[in-house]
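User: I would like to learn how to read pockets, cavities and helix packing. Can we work through an example together?

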Amino acid sequence: MSNKLKGMIWLRGQVTLANKSILLQVFMPIFLIFLYKFIFSLNGAGKEIGADKLAIMLLTISLPFSLAMSVGTPIIIILAEEREKRNLQSLRLAGVTAGQYILSALIWPAIIGIFYIVITPILVGAKLSNHVFSYSLVLLLTMLVLIFFFLMVGLFCKNQVMAQSLSVPAMLLAAFIPMFSNMSEDLFKVLRYSFMGLFTSYMRDWSHFHLWSGEFLALLLWLLLFAGISFYLMRRLQILDD
């Protein structure tokens, strides 16, 4: 790992710790998970559908919100702040490449995302049992696609005002796709090939889930699309060299 990349990773960590708004976005999902549990406990949902089904329902609702809010929104805010303050031009003059820039943007969101992938099933009481490997693989792939999705959105933002305007719709889009997919079979047939489709299909019935599917191939295509657009935007804006 080069010194430039280490410096970029350290800098992003310092920005995250120093910005109270970003820290709030990172830790807010924990509060929301407990809020969801409290609301469902008041409705007596656990007695009606069973504790295990309730845990899976909470997991389906909580994970997209947790990843979108704690991983996606900070990416958009940080990128917009760097562009507004013209820090990207300084990085270019310092010789930071597009690959190093994207890799540094992946590290902290990935760490935060893995934290929520691990802790959310524990908080909602979901029993993964023999599904730990498939759960980890599906969520890690989904998290990676989400990171590139929010990176792409962040590169569109010219300033922090624009970032605030776009971050909320982007977060809601990622969070609500699984919920809309469960509203009807017709919606599911369409949204199963979205960038949240693999996660949605997996959470519907993880005991009979097969990784090699149309949803998996669609997710790989979304990953290539978001990553390609991100590199294209940086080159078109002449932010960083290749």
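Analyst: Start with the helix labels. Helices (H or I, at least four residues) and strands (E, at least two) are DSSP runs, numbered from the N terminus. Residues are numbered from 1 along each chain as its sequence is written, and side-chain values use heavy atoms, with hydrogens and water left out. This is a predicted model: local features need pLDDT of at least 70, side-chain atom pairs count only at pLDDT 80 or more, and totals for chains, interfaces and linings use all residues.

User: Which helices each supply at least two residues of the lining of the largest pocket?

Analyst: They are α1 (3-18), α2 (20-43) and α6 (98-124). With seven residues, α1 gives the most.

User: What counts as a pocket or a cavity?

Analyst: Both are found on a 1 Å grid over the protein atoms alone. In a cavity, a 1.4 Å probe fits but cannot get out. A pocket is an open set of points with protein on both sides within 12 Å along at least five of seven lines. Lining residues have an atom within 4 Å of a point. Grid points are joined across faces, edges and corners, and a volume is the space filled by probe spheres set on the points. Here the largest pocket has a volume of about 260 Å³. It has 15 lining residues, and T16, L17, V26, W108 and I112 are the closest to its centre.

User: How does the lining of the largest pocket divide by class?

Analyst: Ala, Val, Leu, Ile, Met, Phe, Trp, Tyr, Cys and Pro count as nonpolar, Asp, Glu, Lys and Arg as charged, and the others, Gly among them, as polar. This lining has 11 nonpolar, three polar and one charged.

User: How many cavities of 30 Å³ or more does a search of the whole structure find?

Analyst: One. The largest cavity has a volume of about 120 Å³. Of its 13 lining residues, I75, I78, A105, W108 and P109 are the closest to its centre. The helix α4 (51-84) gives the most to this lining, with six residues.

User: What describes two packed helices?

Analyst: The angle between their axes and the distance between the axes. Axes are lines fitted to C-alpha atoms, for helices over the stretch in contact (heavy atoms within 4.5 Å), and angles run from 0 to 180 degrees between N-to-C directions. Here the axes of α7 (residues 132-156) and α11 (residues 214-236) come within 9 Å and cross at roughly 30°. That makes α7 roughly parallel to α11. Angles under 35 degrees count as roughly parallel. The contact includes L141 and F148 of α7, and W222 and F226 of α11. Its residues divide into 18 nonpolar, two polar and no charged.

Technical notes. Parallel < 35°, antiparallel > 145°, perpendicular 65-115°, else oblique.
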